[in-house]
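This report describes how the chains of a predicted model meet one another. The sequence and the structure are shown first.

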Amino acid sequence: MSAHGKPYVREVSRYGWFFRSPRYLRYMAREVTCVFIGLHALILIMALMRLSQGREAWEVFLANLTRPAGVALQLLILVFAVYHSTSWFNVTPKAMPVQIGENFLPGAVIVAAHYAGWLVASVAVLFLAGVF
Amino acid sequence: MSERIVELEVLRFNPETDSEPRFQRYSVPCMNEWVVLDALNHVKESIDPTLSYRWSCHMAVCGSCGMMINGEPKLACKAFLREYEGVIRVEPLAHFPIQRDLVTVIDDFVTKLKRVKPYLIPKEDQPVEAGEFWQSPAELKRYKQYTLCINCMLCYAACPEYGLVPKFIGPAAITLAHRYNEDSRDSGREERQQEIASNEGVWECSFVGACSEVCPEHVDPAGALQQVKIKSTVDWYQEHLLPGSKK
Amino acid sequence: MAKSNKPIVWGLFAAGGTVTAFLTPVLLLLTLLPAFGVMPGLLSYDNLRGFAGHWFGRLLVFGILFLMLWHAAHRLRVTLHDFGVRADGLVAVAVYLAAAAGTVATGYFLLRI
């Protein structure tokens with residue numbers, strides 16, 4: 001290489017590289033869902049704490065969740081949670097391809113199975129929780 | 001046959017005289033059905049013979065003409081001019097050092113490719129008289145998709161993690177290791193795992209998925225790497241929780 | 001090259017991501033419903049205490065929260081690296097400790113119900 005001169009190295013910026021392409025931004029949006037999943041876990045832990053403190057503490061906690069700020073926060077988390085779910089299910093055929101006999105099951109079938117499972121699990125939770 | 005003047009903005013770098021690269025503009029009379037590589041060839045033949053770039057087959061098999069076209073890793077022979085408007089910006093593949101103009105230094109990839117032993121390692125060598133290693137169509141299909149890799153390195157140019165952490169073995173090399181691991185005739189998985197299941201291997205991948213989006217042969221490296229992660233995780237639990245079961 | 005020990009944290013991340021993908025949206029829906037005038041029976045104090053006080057309910061809630069926390073922690077570690085934070089060792093200790101603390105808190109509150 002020395003015979004041809006020194007090659008030029010283009011440095012990659014460790015900040016803001018994800019603005020270079022929309023696909024990187026989509027990736028970062030997916031990664032950032034973790035902040036909201038973590039926030040939801042915190043709310044659930046807080047719920048357990050209030051529940052362990054007695055009836056009054058629980059009712060206050062539940063009332064807080066129904067206030068506009070509580071609803072707004074939960075809706076915000078919901079948006080990111082749904083993005084996490086869809087981005088997770090959409091790539092399942094890549095991580096877990098299914099070969100039956102000679103051929104691979106079409107990826108769409110694996111994705112659809114996950115969406116169906118998601119629907120069933122959601123309805124089951126709502127049913128067991130006494131919503132209907 | 002219609003003709004159009006295409007404005008090409010090409011990154012130039014001469015290691016003997018330049019301290020850094022600069023863009024050079026060419027106005028190229030092009031046929032409508034040309035690809036970017038045709039335009040570059042026209043520049044070299046009729047406008048500026050000093051322009052350097054790699055190419056060979058002109059049909060997306062050799063993997064030589066990978067470059068950034070309007071910021072996207074593409075094979076220049078597969079990038080049709082009719083899909084572009086305005087000035088077309090052509091740069092060498094991202095994440096690789098520039099040797100000259102559009103020619104990059106690919107030693108890093110070649111070294112990594114060698115490290116993962118991308119060839120069959122049979123359990124024991126057989127004399128030719130012993131005959132073929134048989135394989136069923138299902139066993140072939142299990143890894144066939146990964147054999148389509150042409151080592152064009154577009155996936156390395158697309159992978160932000162490789163750009164940020166250059167020691168990462170990267171999409172194509174790990175995918176090719178996976179290709180041989182999945183081959184029923186092979187017994188070399190443990191040797192390859194030493195490389196691809198290391199910290200520099202598959203664990204630097206955060207599943208951005210860009211590699212699969214830019215792959216001109218639809219190899220789906222991102223899928224291969226996730227499968228390697230799952231299998232390496234199963235390995236880990238077997239090696240640490242079931243000590244007797246040394247594979 | 002030595003094989004990595006990352007499978008421990010990655011395995012929990014993947015398991016947690018799957019559990020979260022299936023359950024987080026509906027759990028949010030459940031706690032959003034009261035604001036829109038639908039009160040799920042489970043959310044009444046007596047019913048929820050009954051559920052979280054039962055050994056099976058406890059185990060379920062503990063498992064789900066443990067995996068959710070690990071999922072979020074591990075992805076946060078990767079995300080911070082993507083945002084340019086290079087102190088990966090320090091970040092790893094911090095996020096995993098936070099997840100562990102959350103898990104311990106979950107167990108503690110569950111046992112007090």
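## Interfaces of chain A

Between A:K94 and B:D220 there is a salt bridge whose closest N and O atoms lie 2.9 Å apart; the term denotes a side-chain nitrogen of Lys or Arg within 4 Å of a carboxyl oxygen of Asp or Glu. Chain B and chain A share three salt bridges. Their interface also holds 15 residue pairs in polar contact, both residues being at pLDDT 80 or more. A polar contact is a pair of N or O atoms within 3.5 Å; within protein, one must be able to donate a hydrogen and the other to accept it, and residues adjacent in sequence count only if both atoms are side-chain atoms.

The elements giving two or more residues to the side of chain B that touches chain A are β6 (98-100), α3 (137-147), α4 (154-158), α5 (160-164), α8 (210-214) and α9 (221-241) of chain B. Helices (H or I, at least four residues) and strands (E, at least two) are DSSP runs, numbered from the N terminus.

The model is predicted: local features need pLDDT of at least 70, side-chain atom pairs count only at pLDDT 80 or more, and totals for chains, interfaces and linings use all residues. Residues are numbered from 1 along each chain as its sequence is written, chains are lettered from A and ligands numbered from 1 in the order in which they are written, and side-chain values use heavy atoms, with hydrogens and water left out.

The table sets out the buried area, which is the accessible area (1.4 Å probe) that two parts lose on being put together, summed over both.

| Chains | Buried area | Share on carbon and sulfur atoms |
|---|---|---|
| B and A | about 2700 Å² | 55% |
| A and C | about 4500 Å² | 75% |

In the contact of chain A with chain C (heavy atoms within 4.5 Å), 49 residues come from chain A and 54 residues from chain C. A:L48, A:L51 and A:W88 supply 14% of the area that chain A buries against chain C, more than any other three residues.

A:E31 and C:R75 form a salt bridge, with 3.3 Å between the closest N and O atoms. On the side of chain A that touches chain C, α1(A) gives the most, with 18 residues. This helix, residues 22-52 of chain A, reaches 46 Å from its first C-alpha to its last, close to the 45 Å expected at 1.5 Å a residue, the expected span being 1.5 Å times one less than the number of residues.
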